[in-house]
Amino acid sequence: MSEVLVLVEHEDGKVKKVTLELLTLAQQLGEPAAVVIGSGVDTAPLAEYGAAKIYVAESADLTDYVVAPKVDALAQLVSEKSPAAVLLPSSAEGKEIAGRLALRTDSGVITDAVGIDAEGICTKVIFGGAIIVKGKIVEGTPIITVRPNSVAPEASPAAGEVEQVSVSVSDASKKAKITNRVIEEKGERPELVEAAIVVSGGRGVGGEEGFAVIEALADSLGAAVGASRAATDAGWYPHQHQVGQTGKTVSPNLYIANGISGAIQHRAGMQTSKTIVVVNKDPEAPIFELADFGVVGDLFQVVPQLTEEINSRKG
Amino acid sequence: MKIAVCVKQVPDTWAEKKLSDSDKTLDRESVDGVMNELDEYAVEEALLIKEANDGEVVAVSMGPDKAEETVRKALQMGADSGIHIVDDSLAGSDSVATAKTLAATLKDQGYDLIIFGSESTDARMSVVPAMVAELLDLPQLTFASKVSVDGDAVTIQRQADYGYDEVQASTPAVISVVEKINEPRYPSFKGIMAAKKKPLESVAAPSGEPVGLASARTEILEFAERPPKAAGVKIEDDGTGGVKVADFLAEQKLI
Ligand SMILES: Cc1cc2nc3c(=O)[nH]c(=O)nc-3n(C[C@H](O)[C@H](O)[C@H](O)COP(=O)(O)OP(=O)(O)OC[C@H]3O[C@@H](n4cnc5c(N)ncnc54)[C@H](O)[C@@H]3O)c2cc1C
Ligand SMILES: Nc1ncnc2c1ncn2[C@@H]1O[C@H](COP(=O)(O)O)[C@@H](O)[C@H]1O
């Protein structure tokens, strides 16, 4: 059986959840082989979720420059292993690596798949969630980026045999040097695109202080915090948390929209959430069209009550 | 400093977008086109760099006849000249073909910087800038929330989930910008009048590379409108709205 290469996304030595989702999807296409670029990564979860092989490339050259060295590493593995496909997370960097790898290997690329079947047919949701398309790659090695939360990761223990690979990074790939990494305060909340639950606030939150109510609800649920563009543009919440067409696309199990009207550009980023709860004082707000459960009311009444209720039920 | 800025025409976000039944590509004729919003930030950044360093800004777009409007808009904002790549053979190009066409048009023209938006709002792939960097063998300075140019040294802040990376390279280089980098200017009346006299050249697809739908390495097999969501429950808050949401979440096993 051919291998399916899965690029591992990791932070602080820990494998991110999306990687386990990719390994789960990879099983249908062949034998999952995880590719770890970087050092000090705990590879145990990779074996647990189905990686028969784990290729580890550790040289500093690979992470000191923007994107291109990672393309070198994957291109080398594609030529050595002739995999059935390469799966990457649909993060900003994952997509850039995928695009360049497609050129390097004369292959086609599909980004933002939400599903892949055994024939390699990918499902995508486009135009802000309005249309579902199915497509496949017809040339070269299929290179596919997959959105977080597209499948539930399933444990499937495999050998997880670690193989160190040495990659020669070409001079051409050392042109954009990372001179400094600035980690902004992140706190304890999960990352927006990976989170199983997202609690968002919009203009209705009224100001920076209002977001305390949103954060308290998020914390009661172990959720990430999102925001509409109205809220990020006003400077009430950091830009990285913007959900929508020009922000992040999220697809959590539960999305709670508070004080958000539901403009098409916002919906484009959250429409595929599995369950949607809405709190808005305007009964005509278009966001209610998406709601599985909607409350017409003041978020400053409803949200704190909900938070308290969740906390007390937990306790 | 010679700067190219790549601008794409996309359907107006408010318009209902459709795929054509015959070839399953975006039907671009039936909807109003606008400049991809993120490309306005790219044009603004190009103009700011030009204003600080002297030089010229060339707006480049690949697209059907109508896409000329988007090149014109860049000229109205202040770009000095425009190139519109228009060719029937380009219809249905995928990201690979788009990147190859742009790269072939930009190659060997003496550009110090080639600036892109970080994403088109229709394709939403965020791959074209990285691909052009690959094809032209130039440093990739993408997802920039800040750009500083000092002689031939270019430094950016590359936006990431954790914060940002500082990245350094020398010109010529490829840059893509994110929304928070600047505040795009509106074309002034003077700008609109001046744009009428600025050179805007239409060029055919560069030869040598297969492009268009026939060359696409991806094939769309089928598409369908997403079924509308079944209507949910909607209640008025009577003072117990929060409790009722909690009941719903418990019922759905979400808490
Ligand atoms: C090219 C383009 C790209 C865009 N990209 C994005 C994007 O990525 N993401 C995005 O979100 N937007 C985006 N927008 C903006 C979008 O069109 C809307 O302007 C924006 O989403 C509105 O945000 P909002 O819903 O928070 O604000 P509003 O539309 O002002 O809605 C606020 C809502 O809060 C309710 N409300 C007020 N007070 C309370 C209260 N006390 N309790 C309960 N409810 C209350 C009101 O009834 C109202 O429905 C984009 C626009 C354009 C043109
Ligand atoms: N047809 C095109 N003509 C000019 N520039 C383009 C075209 N397609 C994409 N771009 C540029 O590439 C960026 C990213 O696009 P995409 O990879 O499609 O999300 C856009 O913001 C534009 O700057």
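Trainee: How many Å separate an oxygen atom of ligand 1 from an N or O atom in the side chain of A:Ser228?
Mentor: Keep in mind that this is a predicted model. A polar contact is a pair of N or O atoms within 3.5 Å. The oxygen atom of ligand 1 and the side-chain N or O atom of A:Ser228 form such a pair, and their distance is 2.5 Å.

Trainee: Which residue places a polar backbone atom 3.1 Å from a nitrogen atom of ligand 1?
Mentor: A:Thr246 has a polar atom 2.8 Å from a nitrogen atom of ligand 1, but that atom is in the side chain. The backbone atom at 3.1 Å belongs to A:Lys281.

Trainee: What percentage of ligand 1 does the protein bury?
Mentor: Start with the ligand taken alone, when ligand 1 exposes 1,000 Å². Of that area, the protein buries 81%.

Trainee: Which elements give two or more residues to the shell around ligand 1?
Mentor: The shell holds 28 residues, with A:Arg203, A:Ser228, A:Ser261, A:Gln265 and A:Asn280 the closest. Ligand 1 lies between chains A and B. The elements asked for belong to chain A, and they are helix 6 (229–233), helix 7 (264–267) and helix 8 (299–314).

Trainee: How many residues of the shell around ligand 1 are polar?
Mentor: Sort the shell around ligand 1 into kinds. Eight of its residues are nonpolar and six are charged. The polar count is 14.

Trainee: What percentage of the accessible area of ligand 2 does the protein cover?
Mentor: On its own, ligand 2 has 480 Å² of accessible area. The protein covers 98%.

Trainee: Which element supplies the largest share of the shell around ligand 2?
Mentor: This shell has 20 residues, divided into 11 nonpolar, six polar and three charged. The largest share is three residues, and it comes from strand 4 of chain B.

Trainee: Why is chain A as compact as a globular protein of its length?
Mentor: Chain A has eight helices and 18 strands. For its 315 residues the globule rule gives 20 Å, and a radius of gyration close to that value means that the chain is as compact as a globular protein of that length. The radius of gyration of chain A is 21 Å.

Trainee: What percentage of the residues in chain B are buried?
Mentor: A residue counts as buried when its relative accessible area is under 20%. In chain A, that applies to 61% of the 315 residues. Chain B has 255 residues, and the buried part is 52%.

Trainee: Among contacts in chain B between residues at least 6 apart in sequence, what percentage join residues at least 24 apart?
Mentor: Chain B contains six helices and 13 strands. For chain A, the value for such contacts is 64%. For chain B it is 71%.

Definitions and conventions: Residues numbered from 1 in each chain as written. Chains lettered and ligands numbered in written order. Predicted model: local features only at pLDDT ≥ 70, side-chain atom pairs only at ≥ 80, totals over all residues. Heavy atoms only, no water. Near = heavy atom within 4 Å. Polar contact = N/O pair within 3.5 Å; in protein donor to acceptor, adjacent residues only side chain to side chain. Areas by Shrake-Rupley, 256 points an atom, 1.4 Å probe, with all protein chains shown as cover. Helix = DSSP H or I, 4+ residues; strand = E, 2+ residues; numbered from the N terminus. Nonpolar A, V, L, I, M, F, W, Y, C, P; charged D, E, K, R; others polar. Rg over C-alpha atoms; globule rule 2.2 N^0.38 Å. Buried < 20%, exposed > 50% of the residue type's maximum accessible area, 1.4 Å probe, protein only. Contact = heavy atoms within 4.5 Å.
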